[in-house]
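Me: Got a model here I'd like to go through. Can you take my questions one by one?
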Amino acid sequence: MFGYTFQWNQALARLPKMLDGALVTMEVAMLSMLIGIALAILLTLLRLSGARPLRAIATGWVEIARNTPALFQIYMAHFGVASFGIHFSPFVSLLIGITFNNAGYLAENFRGALKAIPETQTRAGRSLGMSQLQAFRYIILPQMLRISFLPMTNQMVWAVLMTSLGVTVGMNADLYGVTQDLNALTFRTFELFAIAGVLFYAITKIITLGARVIAARLFRY
Amino acid sequence: MFDTALSAADLVFLAKGAGMTILVTAISVAIGTLLGILFGVIRVQLGATLSLPLTFFLDIFRSVPLLIQLVLANAFMGMVLRLQISGFTVACGVLSLYTAAYCAEIVRGGIDAVPATTRRAARSLGMSWMQDMRYIVAPLATRIALPSWIGLALGVMKDSALVYVVQVTELLKSTQILITRLQEPLFLLLICGAFYFLISFPLARFGGYLEKRWSHD
């Protein structure tokens with residue numbers, strides 16, 4: 001049917017290596033998400049704070065993260081900072097790039113979530129003798145994370161997809177990097193990348209389904 | 001104070017890259033939106049069960065990295081089908097479907113947001129399905145969908161940075177070529193980032209403004 005002989009066996013023989021790569025991909029995505037959420041909470045606090053310079057820093061971060069390509073951000077973390085004599089390994093550059101992106105998008109999600117929480121709740125907390133930070137920590141934060149759970153899941157999927165960009169800064173341990181190296185060895189481009197695509201699809205489905213299970217357990221009422 | 005080897009010719013080279021970014025984005029968003037509207041309407045009309053194959057097909061474009069989609073499409077066209085198709089065509093084709101996949105979701109959300117009673121009222125007044133879609137659903141759904149659509153179009157512009165993988169020299173790739181030659185990564189990357197930011201930021205703000213204005217009435 002095609003003037004091309006598919007050699008799936010050759011590609012499938014490399015599956016163990018690709019699965020190792022998939023683990024690295026998950027690891028990068030997971031780490032970037034955890035740090036990203038922490039940073040996004042910090043950015044949200046900065047944006048809520050009264051101090052103008054702090055607000056400007058947070059807003060600048062969010063707008064740059066949301067208005068430039070993720071690939072550009074990874075380049076910046078690798079080639080950009082190299083101008084200052086700082087040289088990160090591809091893994092670290094990729095992690096920084098994705099984390100920067102995640103934090104920006106998540107901070108925006110958190111801001112949207114905050115709008116859904118009545119301000120009177122903070123005041124009620126303050127009346128009960130909580131400090132401003134306590135009110136945020138015990139009353140606002142849990143609700144904020146709950147409301148933005150779905151966007152966070154989406155962002156996690158994005159983080160997984162973004163790991164494929166690491167190859168541009170020389171990352172070769174993640175799923176895409178491994179596939180690219182194998183392709184250089186075997187020239188089975190279509191087969192290898194098709195398998196990589198299926199693996200990526202499986203990972204994103206695991207994440208969405210996993211998130212649904214977690215959500216069902218966490219938010220039962 | 002600030003010395004750079006960047007020449008006028010290099011700036012023209014960058015501008016060409018920027019032009020390519022805009023061209024690929026414009027074509028993909030245009031085709032992708034039309035397809036997205038089509039797919040979205042089909043999904044709403046067929047219901048969740050019947051449109052399952054379509055949903056699955058579109059979901060692939062949202063669950064597999066764009067880089068892999070591009071490499072796969074390129075390999076399929078070139079190696080498997082042995083067609084002489086330019087990277088530009090492959091890039092536009094993949095990005096169009098990628099746009100369509102997201103756009104279909106937005107369109108579906110917009111149509112679903114039009115109250116069923118409103119549509120029934122239209123039909124009771126003797127409007128045909130087409131008239132209902134044209135005069136009732138389209139204007140109401142557009143109001144709901146437009147802010148997300150602007151976000152999508154900007155997202156496609158940013159994601160178009162990945163088409164370098166099928167040998168299309170867009171802005172980020174041209175920047176990288178210049179970096180290799182001039183060895184001034186920070187300066188060049190800042191120019192490149194500024195370009196994306198200057199296009200994306202105002203439009204994103206405009207989308208946010210529309211969302212705000214249209215949700216309080």
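Me: Which residues of chain A does UniProt list for "domain: ABC transmembrane type-1"?
Reply: Residues 18-211 of chain A, from an unreviewed UniProt entry. UniProt positions follow the numbering used here, feature names are shortened, and annotations may be inferred rather than shown by experiment.

Me: Helix or strand over that stretch?
Reply: Residues 18-211 of chain A are 81% helix and 0% strand. Helices (H or I, at least four residues) and strands (E, at least two) are DSSP runs, numbered from the N terminus. The end C-alpha atoms are 24 Å apart.

Me: What about numbering and cut-offs?
Reply: Residues count from 1 along each chain as its sequence is written, and chains are lettered from A and ligands numbered from 1 in the order written. The model is predicted: local features need pLDDT of at least 70, side-chain atom pairs count only at pLDDT 80 or more, and totals for chains, interfaces and linings use all residues.

Me: Where is confidence lowest in chain A?
Reply: In helix H1 (residues 8-12) of chain A, at a mean pLDDT of 83 (predictor's confidence in each residue, 0 to 100). Chain A averages 92.

Me: What does Ala196(A) touch, beyond neighbours within four places in sequence?
Reply: Met18(A), Leu175(A), Tyr176(A), Thr179(A) and Ile68(B).

Conventions: Two residues are in contact if their C-beta atoms, placed from the backbone, lie within 7 Å.
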